[in-house]
Structure formats: structure tokens, C-alpha cells
Amino acid sequence: MTPRSLPLWLALVLALLCGALVAIQSRINGELGSRLGDGFTAASISFGSGLVILCVALAIAPVGRRGLARVREALRDRRLRWWYVCGGAAGSFLVLSQGLAAAALGVALFTVAVVAGQTISGLVLDRVGIGPGGRRPLTAARLVGALLALVAVTWAVSAQFGGSAPVWLMLLPFIAGLGTGWQQAVNGQVRVVAESALTATFINFAVGTTVLVVLMLVRWGVGGMPQRLPAEPWLYIGGALGCVFIGVTALLVRITGVLLLGLATVAGQLAAALLLDLLLPTAGHQLAFSTIGGTLLAIVAVAIASVRWRWRRTAA
């Protein structure tokens, strides 16, 4: 089954699972960063390990190497703009904003700001047609679904609100959310040109790793290197999870569009975070009813945003 022929409902299920991978990856990378005392080093390890995996995959799979040749040719002929291959930089900026703003804002406000940016980005990019699926109509159902998603995330994390951080600091995660939608759109375009999700994922990780390594070296120059690395192997699988997420979403965005892909991954992320809190709770964190209600509402938002759009596409 080709990506174009994949049913919308199955694409949404896969997007939900991708969102779940993000929640697991966040828990793993967060623990690694806590053990190291350095979030930039943890992010570089995550991106770098993913890049190593992808280098091995490229060495084995000729389709990935052919995809790189197609992308080089498209860039040379200007059929593909250079900024389409910079999607990994948006992921790096998200990590940077986590290091600069998440602690001051708290996880709740940080998450709401990221999702707000991602939702607005999805609406605009779909309307303009940046993603590989082309332009998509700005229907009432899509607007209602987007607003419900924002309400759902706000409700889900409302128990964590607090603190006195300045409101302007929310600008960083908001911009990071805008970049997340753009990253998914341009990675999808690269996949179409390369005819390979492996190629698009490799380029994303190569760019992101380069940016993060530079930031890590600056961080080492200011605060010194971590003393030692943790021994637990599971702390180093974040990069592998990221490979799956980037590769699959690069395939799905052509079917779902940027907005619907973002809403589905957010819903999957909330659902997985809820399960993690139930099965593997962190110290000092209690599961609130608002988390359950917000997660369910996020899934409803995805359903509302998708049904009407699918009907319009069939009618057309």
C-alpha cells in the first residue's frame, strides 16, 4: 500500500502512535538530561544516536542513497528551495526553548504555548499549501477541531499551572510550535522529491544534530562537560524513537495535511503521557481528572477536524 492510497483513518491511527512515541521519547530524554545535568548534551546524544542509525540504514538501503541524489539534483535545479531541507533546525529550536523557558514557565504553560503555535502553523500552512498535500480548505470543522485541541491541552495540564514567570517568555515555545508544523510540512516535501522517507529523515537528523552539537559545545565552554554518562541502555533509545517519528510523519503529512497531523500527534502524546503517569508515575506527580478529560477531548478534536474534511474531499 502506497502512502497516497493509505486510508485517512489509518493515517490518523499511525499519527496517534507517533504522538505516543514523542511522549515516551520526552520521558527518556528528560531523564537523561536530569542524570547528566545538561539538557543540550542529552538532546545531542538523542539526535546523534538517531543519525548514526540512519547512516547505517543508508549504507544498507540503496533507495535512501538514490533519494539523496534526487534531493541534490532538485536543489541544484531549484525545484526544491534550500530551506525545505532545514526542517531539523526547527526540532533543535524546540530543544533550545525547552532549555531556556520550560523551567521558568512550568511544563503546563510551555505545553500550551507549543500546541498553540503548532495549531496555528498547521492552519496557515495547509491554507497556503506548503505541505506536500497542497492547499486545504479552512472549513468550520477544522477551526472547531483546532480550538477544541487548544482547550483540551489547556484542560489536561491545568492542574500544573502556577508560578510567576513573565508572559513574554511564552514567545519562545510558541515560535517552537510554529516551527514544529513547518518541520512536518517541509520534511513531507523532501520525502516526495526523494521518493524515500529514509532520505527525508536522514536530512532532518543531520541538520538537527549539527545545530545541537554547536549549542552543546557552547554549553560546555560555559559550564563544562558532564562528568560521566549513565549506564542504563534504555536512556539512549530516544534517537531511535525520533527516527520512527520523523520518518512516519513525513509519509503521513501528504494524506492528513499539517493541521490534522499535528492534532493527532498531540492527542497521541497526551494519551501516552496519561498511561505513563498511570503505569510509571514520577515522584511528586499526581494524576488529575483534568488530565483524563483533556486527553479525551483532544481525541474528539481530531475526529471533528477530520470527518468534515474527508467528506469535502470525497465530494470534490
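**Exercise 1.** Is W83 buried, partly exposed or exposed?

*Solution.* The model is predicted. Start with the value for W83: 28% relative accessibility. Buried means under 20% and exposed means over 50%, with partly exposed in between. W83 therefore counts as partly exposed.

**Exercise 2.** Find the aromatic pairs in the whole structure and assign a geometry to each.

*Solution.* Step one: the search returns 2 aromatic pairs. Step two: take F47 and F205. Their ring centres are 5.4 Å apart, with 40° between the planes. Planes under 30 degrees apart count as stacked and over 60 as edge-to-face; the rest are tilted. The F47 and F205 pair is tilted. F47 sits in helix α2 (residues 39-60) and F205 in helix α8 (residues 197-223), so the pair ties together parts 158 residues apart in sequence. Both F47 and F205 are buried.

Step four: turn to W83 and Y84. Here the centres lie 4.3 Å apart and the planes are at 20°. This pair is stacked. W83 is partly exposed, whereas Y84, at 12% relative accessibility, counts as buried.

**Exercise 3.** Which residues make the nonpolar surface patch of about 500 Å², and which helix gives the most to the patch?

*Solution.* List the members: W155, F289, I292, L296 and I299. Next, assign the helix. Helix α10 (residues 289-315) gives the most, with 4 residues. Finally, check one member. F289 is in helix α10. Its relative accessibility is 62%. The cut-off for exposed is over 50%, so F289 counts as exposed.

Methods:
Residues are numbered from 1 along each chain as its sequence is written. This is a predicted model: local features need pLDDT of at least 70, side-chain atom pairs count only at pLDDT 80 or more; totals for chains, interfaces and linings use all residues. Side-chain values use heavy atoms; hydrogens and water are left out. Rings of Phe, Tyr and Trp (its six-membered ring) pair if their centres lie within 6.5 Å; planes under 30 degrees apart count as stacked, over 60 as edge-to-face and the rest as tilted. Helices (H or I, at least four residues) and strands (E, at least two) are DSSP runs, numbered from the N terminus. Buried means under 20% relative accessible area, exposed over 50%, partly exposed in between (1.4 Å probe, protein chains only). Patches are made of residues with over 30% relative accessible area and no salt bridge: like charges are joined within 9 Å, nonpolar side chains (Val, Leu, Ile, Met, Phe, Trp, Tyr) within 5 Å. Accessible areas come from the Shrake-Rupley method with a 1.4 Å probe; for residues, only the protein chains shown count as cover. A salt bridge is a side-chain nitrogen of Lys or Arg within 4 Å of a carboxyl oxygen of Asp or Glu.
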